[in-house]
Structure formats: structure tokens, C-alpha cells
Amino acid sequence: MNSFLLYKRLLFCLILTTVTFSTFLQADTKTAINTDTLTGNNSIAFYYADIDSVRELISYQRVVVEPTNISAMQLKQLKLAKTEVFAYLSVGETDAKTAQQYPLAIIGTNNQWQAKIMDANNPAWRDHLLQKALQLKQQGYAGVFLDTLDSYELALATKHHPAQQQALVSLLNQLQLTSGKLILNRGFTLLNQLQTLPTAVVAESLVYGYDVANNDYFIQSAEDTLWLANQLDKVKQYGVEAIVIDYLPPDIQPRIAAAKTLQARGYTPYISDGLLSQFGVSNHYPVPRRVLGFYDGSTELKKQSNCHRYLSTLIEYYGYVPQCEDIHNPQLINININQFAAVLYWLPQASYNNISVQQFIKAAIAQLPTVFIGELPDDAGILSLLGFNNLGTFNGKLSIKDTQIKYPLPKALPNEYVRYGITDPNHQVQLNLLDEQQQQGIAIARTAWGGVMLQPLNVQELIGERSRWPLDPFQYLMPLLRLESIPAPDITTESGQRIVTAHIDGDGFPSVSWLPGKPFAGQSIYTHILSQSSLPHTVSVVEAEVAKHGLYPEIAAKLEQISRDIFRLDNVEVASHTFSHPFFWDDRVSSTEKLYGDALPVPNYEQDLDREIYGSVNYINQQLAPSDKPVKVFLWSGMADPTPDVIAKTQQLGLLNVNGGNTFVLNDNFSISQVYPHLNWYRQGIQVYAPVMNENLYTALWTENFQGFSRVTETFQLLGEPRRLKSVSIYYHMYSGVYPSSLAALKDIYQWVAEQPLTALYLSEYAQRASALYETGIARSIHDNSWYISSTGITSLRIANHYKLSADSTGIAGVNSGPDGRYVTLTQARSILSAASAAENEPEFNDQVFLQSANGIIKHWQVKADGLNFSIHSHQPLVITLVNTQNCNLVSENSKQLNIVTQPNNMTITSHDQGYFDLSVTCSTTKVTVDNQ
């Protein structure tokens, strides 16, 4: 169907919907409107496509999925976000392959879906359904969605089928006992016969339908719509929720309008595509957060690609999720572009000759904001489609007209950089390049479909593994993507303050230090750092360096005892840094120069990754760690480049994994290109990068200037302002305890940290948040500018300075200003950010008490009419500031000593103690009640 006819049809649909439901609303005075539905607290999604991530699905309170398309880990993530998960179960139909196992149960064929219609009276088929439902419940599903209940009507000639109906009634009664909650697709005539009513009844195509045979959307007749609405109203009279699935093409505004109309009737809406392969609109809808990028898997790995190395950092900062796809992926053409907010191309010229890439460009250019970086395709048809032409090449020294740049551009060699001009007069040229002959070409242009940022304004690689953007990509590149401003899931901040972590790789534990008495490096770190600092630390050992069966059996007893002493410290959590310290985890990465070999030279040992992971963790748990403090984190060694299957091994042990990334910036060497993303996401597992690199890069690979690591405080400052890009991360090796100068550097760093307003976390706590960064749901209300947030571990959001929160917000403790926005503290898995009314000049949170900042983790937060109850866990002596505390008093339910300093509008609570605090604030004036439970 062409777009004009589709537009006319959708317009007619909206008119028809308005007229029809206006009639319904005037006629129906008996059925009360479901207030949960109207307020968005009862959303649902039906999604039958393959699930690579739950980041969209967790935005809904309930989801119905095809159980073969979801993994056990994804099911766990959904439940962690308080999303109820229902499994799709077809009662009256099945595919031909399954039907072959029950030949006596087949009573017909549904030609539209090429499915076999099954007899609900057949004992074998009934037993199959009951066993399947029981298995689903055992797997953790909240219940089942029973589809095709009425399919027998397609196969049997008569209009009345009492035998089938009675069989279905008895089957549903049995399923109710074994399956948890039931949601029925239709089955209207069965309700009054069931022993227990279902949770909900679903009806499809009340107003908008889908013809699968012709891949076409249609409008139901007014008579059919009225009949189905009457059936749904009868459902509501039983006190059962009525859910409507209607089908519309991807345009979001018609879907929102249709959902609103259904809500007004008191139905729970879900508006999606005809195959339920998109994330549709319910009482709210997930904002597309994925940004698609590409790499050429024939020449590079994803983790080495421009998409991952340089673009992911920028995309993450805006609250979006980078998705880097190999252009040779055979499923590329089948990618559902409706999941994406934008698409980026940063490929070498030869890669644009890939047919799949060319097809994707043509298919997506009119639907998604699209940006090309570096080179444009040289295909004449695509170049014409983009509105550019090839003017030849630049030659000689390059400059950017009328613009100051921080770094000089490289000299253009003959035929190196193409000069592009525009053929579309609507393109807005923002910057032009000039060469020595004053030849001009496009540098940056904004177009109707997105824009371009062309060579050599892409990242320039320098010697020493350094790189730089010639121009600030936040200023010049990211605006071309036209990304909507959304609450950005954040892992730099906790309770309104920047996070600090400290973790130590075990390398060099047995090294003899240059200190009095020549203690081992492990003892030196224990004596001078770990036993002196109140910061929580994550500490590891390399098994082969300390164990009796390792490299140094003659001193192993002493090394193991030092390890036990370290692990017994209250401020230390236990980690493994492998058995033999492999330097390479991915054998696809070629390395012609191996400075340290493949691993430590353990006698008679051939590298075994199971031994490195499972074995080292078991050794530490059995021989070194206290019985109540097992290993919690696995720290990657060497290149820290694990493949997805290797990452999965740590997850099988229930461990967080950290290290990798190469973030290293200094005042005299700063570019965003040297800031790595927070993580490397794979469907099978997530690698969390260390926020900042260790002392190796500050000491020329530990060859000189052993006090150089003290400059890491420059890194912390550069990554904290003007944008908070990373948390503060004190990350080093045991060998930093060898030299007086390296110990002095550590002490300088710890002193700097002690002087900053930071919230200390264990590395495992940081890694939990980082692992959940992409699996965070950001959804919009269909009624106002409220945001629905669903978290599998994220506790902080960054919002724009102008977005003020009202007291109607739920699931949040408060907000604090940062250098680049305002940081919201979340207190539960599902939260709502509701904007304060600017027209009424409503003060933020009205007059209720809220959190400004704390150096601990908020564990419980309940606002009451006369104040506040809350719990906090701080790993260091407590400091917390509350706002709107005029005429309020603090009540402590702990024996810990507290100090209180009050200002006209805030209260700061401190303690020399750390740990758990249960506190209450009572206020003499009336406060607005907000249920944050």
C-alpha cells in the first residue's frame, strides 16, 4: 500500500474510533472505568519475536512472550524489574510438526496461519497442555496466556459446540490449579462456567485489524466493533480486566491516539504491528533507545571497531544503547528498524560495496535519523540519494573555514580524502574543508535525513595508542542524530554523589619491596593502604603467584597467610585474578609482539580457561577467603578481552566480571576518543570495563616515574567535568607496593579522594549497576510528559536541569545538581518521574522531605504525611543531606552516634560510624504524602 493511501486509511481509522467510542461512552453508564488502566499502572505487551535484550520489555508491568524466544537469564532480568512474565500457550492450534505427535487430536486446519486445529477433548492433547503449563510455571513464569480457545469453531460445522466448550472449561479449571495466573484470548462463553475467573480476557482487532495473508491493516466494521465491545463489557462486569490488542503500522501518534481511546473506555490497550514483533503502545510505551552502528567483521572484531571504541561512549552518555552489527550478518536485512532511534555508518569505502549495507541504507534512510562519518558510499545511486557528489580529492594542508580547532588536521596525501559537494539545496552545510589549492569540500552538513561528518574529522590515530577527535563530537556530531532528551541511566553516581571504587589486580604479590624489612608487595599494600583506608576495596590474587602448587612453593605459606589477612579485613571483598594470568583471552586477536608471553610460566601447565576461572575461584574460596566471604568478582587479566562464551563462565559462578577498556586521559593528552564505553555487551554475557586504567599507563608500562600514578587525579577531574563521564576508580596492581615512590603516589590519590564528596561502593556493587545499564527501561506516558523507569540494577538517572520533579513522582528519594544536569536517586525497580507544573511555579517535590546527597546506598525510602522513614548503608562514616526539613526532627532507631547540622531548608546528618542506619524524620507541618513503597 502506498504511503498516501495508508495515511488516508489511518486518518479514517482515527475518525471512526472517535465516533464509535464516543457512542460507547455515552451509552455505557454501568461499567466503571479501571483507574489503574487510566493511570498507566496496568500496562501489558504481547511480543512474539526473538528477544535479544529485555531493555524494552521491562517497561511494561506485564509481558506475554513466546517461551522459546527468551532465555532463563532474560526471564530473571524481567522479574528483577518487577515485570510479570506470561508464556504464550496455544490451546486450540499448533504447528504441523507438533500436531504429528497427536494425530487423533487434529480436527481441522487454519489455512491463514498454516496451523492444525486441535480437539480439547483429546486426552493426549490435554495432557500435553497441562504438562507444558506446569513446566512453564516451574521455569518462573507468572502464568500463561491461552490463545486460540475458539479455533474449534473454524473446524466444526455447527454453531454450538457444547462438548468442546465443556472440555475447555474443565481444562481451564485444571490449568488454573497448575499454572498460576491465566489470561484468556476471548473465550467469552466460558467465563460463567469457570471455578476461578482468569486474571484478564484479551480481544484482538476491536477497531484495527491485520490481514496476515495480504500483510495489510484494515478497519473493523462498526457492527463488529460494537459486538466485540459488548462482549468486553460483559467481561468487566465479572470484575475481570479487559485487554484489547489492536493492530496499526509503526507510526507512533496513531498508536497513541488509539490507546487513549481504549483507555477512555476502561480497556487496557496494546497497539502494535500485525505480527506482534514490535514494542507497542500500552498505557505507556518504551522510547526507542537503541542506536545502530556497523562494523566489518571480515577485517575487525566488534570490540576493535569504530562503532564500539568511539561511538558507544557518546551514545551511552545520552542515555541510549549502542548496537554494533557486523555488515556480514545474514540477518542484517531483517533487523527491525522500529527498535532504533538512529543509525550511524562509519565504514571504510570498500565495506559500502556490501549489498546488504546498500539495501539497508536505502530501506532505513527515510525512517531513521542517519549519520555518515568519514567516507560516503561511492555507489552513484546511493550518493545521489544522499544528495552529495564527488568533487575529486583534497591535496596538501587542510583547514576548516571560519572555525578554530584544537588539533591540526593531517596533511592530505594525493587521492586520500574525497571532496564532497552537495546536490540537495536543502542540506545545511555547517563546516567546509579547504586544502592548499583552496579547493573546498563538505566537512559537516545537516540534512533532512540526518547528516555527515566527513574525513578527516573522524578520529585520528596517533602513536602510542593515542587518538583524538579534531572537533568536539558532543558539539558537532551528536546533534546530527536528533536524539530525544531522555532520563539517562547513569552509573557514575550514587545517592546524588559521584561514585568511587578501589580494586587491586593481584600481579606482583610476591615481589620484594624496596622498604625497610623488604616485605612482599602484598604485605606492603596490606600495611600501608588496606589497613589504613576506610574505603571499600576489591582485592584479588593470581593463584599461581601465591599457591604452594604455583611458581614460588618455597614462600607460598607466607604469601597465602598474607592473602588470608587481607581477605579478613572488613573493608575488603574477595576477587580472583585467574590462575596463570593469561595475557590473551581471544585467540582471534593476533599479536606479533608478546611482551610477557601468553601467561605466567607455570611448570607443566597448558592454558585451560576453565582452570583459569573455575579453578582459581575454587582455590581462593577453599584456601584463602573466609567461609562467609567467597569470591564475588572476577578480574580479567592481560588484554582483558574475553569472548562471550568465556564471560558466560563467570556468570555461571554468579560472579561479576570487570577489567578491560583503556580509558586514559591527562591534561596534556585529552580527547573523548580515549574514553572507552562502560561495558562490552553481548547477548550471552556482559563485560564491565574498568572506569579508568591502572598505573601501568601512568608509568610507561611500569618502566619509569613510579610516582606517575598520582596524575590519575587529573583523569578523575577531566572525566568529572564538564560532563560526568566516569566514576572515580582507584585501580592498580599489588606491585605498586614495591617502591616508596609508587606507595607515595597511592597515598596522594587516597588523600585526594578523601577530600571529595564521593560515595564509596565495592566494585561488585558498581559492576551490578554497570551490567544493568543497557537493560533499563525508559518509557513515556501516553497522557503527559511523565517518564516510567524500570531498573534491573540502575539506581541513578541524569535529567536535564529544566526538568523539575513534582511530588507525584514515585520510587525516587531525591535529586542533586551535577556539572551536566541533575542526578535522580531511584529507590525501587519501577519509578515514575512526574514533572512539576511550571505554570503554577510549583516547588520541586512541593514541601516533602527529599534527599540531596549521601555517601551511602539508599535501601528503603518511605515518605509519610508527617515526614520520612528511610534506611541507608554506608561503607564509610555517614554523611547525608536532606532538603525541605524546616520544622523537622531526626529520630534514629540505631545505637550509632549521630551529629546533626541544620540550615533553614536542609539537614546534614553525620556519624563516625558506618554500616546500616534506620532513620526517621518527623515534621510538625503537614507534608504532602507520596507513596514511594
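Two strands pair if DSSP finds at least two bridges between them. Strands themselves are DSSP runs of E, at least two residues long, and helices are runs of H or I, at least four residues long; both are numbered from the N terminus. This is a predicted model, in which local features need pLDDT of at least 70, side-chain atom pairs count only at pLDDT 80 or more, and totals for chains, interfaces and linings use all residues. Residues are numbered from 1 along each chain as its sequence is written, and side-chain values use heavy atoms, with hydrogens and water left out.

Start with strands β12 and β13. Strand β12 covers residues 241–247 and pairs with β13 in the parallel sense, over five bridges. Tyr-247 stands opposite Ser-272 in β13. Strand β13 spans residues 268–272, and five of its five residues are buried, so the rest of the structure largely encloses it. Buried here means under 20% relative accessible area; exposed means over 50%, and partly exposed lies in between (1.4 Å probe, protein chains only). Which residues of β13 point one way, and which the other? Thr-268, Tyr-270 and Ser-272 share one direction, Pro-269 and Ile-271 take the other, and all are buried.

Now step back to the whole chain. The protein chain holds 21 helices and 51 strands. Its C-alpha atoms fill a box of roughly 95 × 80 × 70 Å along the principal axes. Of the 933 residues, 61% count as buried. The accessible surface comes to about 37400 Å², and 50% of it belongs to carbon and sulfur atoms. Areas come from the Shrake-Rupley method with a 1.4 Å probe; for residues, only the protein chains shown count as cover. Contact means heavy atoms within 4.5 Å. Among contacts between residues at least 6 apart in sequence, 70% join residues at least 24 apart.

Next comes a sheet. Strands of a sheet pair through backbone hydrogen bonds, either parallel or antiparallel. Eight strands form this open sheet, in the order β16-β15-β17-β18-β24-β23-β22-β20, with mixed pairing. The edge strands are β16 (321–326) and β20 (399–400), each pairing on one side only. Inside the order, β17 (residues 340–345) and β18 (residues 370–374) run parallel, joined by three bridges. Val-343 has Thr-370 in β18 as its bridge partner.

Two helices pack on this sheet. Helix α10 (residues 306–317) touches β15 (290–295), β16, β17 and β18, and its direction makes about 155° with that of β16. Helix α11 (residues 355–364) touches β15, β17 and β18, at about 135° to the direction of β17. Axes are lines fitted to C-alpha atoms, for helices over the stretch in contact, and angles run from 0 to 180 degrees between N-to-C directions.

Helix α11 includes Ser-356. At 24% relative accessibility, Ser-356 counts as partly exposed. Leaving aside neighbours within four places in sequence, Ser-356 is in contact with Ile-327 and Leu-332. Gln-862 is 506 residues from Ser-356 in sequence and 53 Å away in space, C-alpha to C-alpha.

The structure holds two disulfides. A disulfide is a covalent bond between the sulfur atoms of two cysteines. The cut-off used here is a pair of cysteine sulfur atoms within 2.5 Å. Cys-307 and Cys-324 form a disulfide, with sulfur atoms 2.1 Å apart. Cys-307 lies in helix α10 and Cys-324 in strand β16, so the link ties together parts 17 residues apart in sequence. This link of Cys-307 and Cys-324 is left-handed, with -90° about the S-S bond. Cys-307 is buried at 3% relative accessibility, and Cys-324 is buried at 13%.

The other bond joins Cys-888 to Cys-923, S to S 2.0 Å. Cys-888 lies in strand β48 (residues 888–892) and Cys-923 in strand β51 (residues 915–923), so the pair ties together parts 35 residues apart in sequence. The torsion about the S-S bond of Cys-888 and Cys-923 is about 105°, so this disulfide is right-handed. Cys-888 is buried at 9% relative accessibility, and Cys-923 is buried at 8%. With bonded cysteines counted along the chain, the disulfides follow the pattern 1-2, 3-4.
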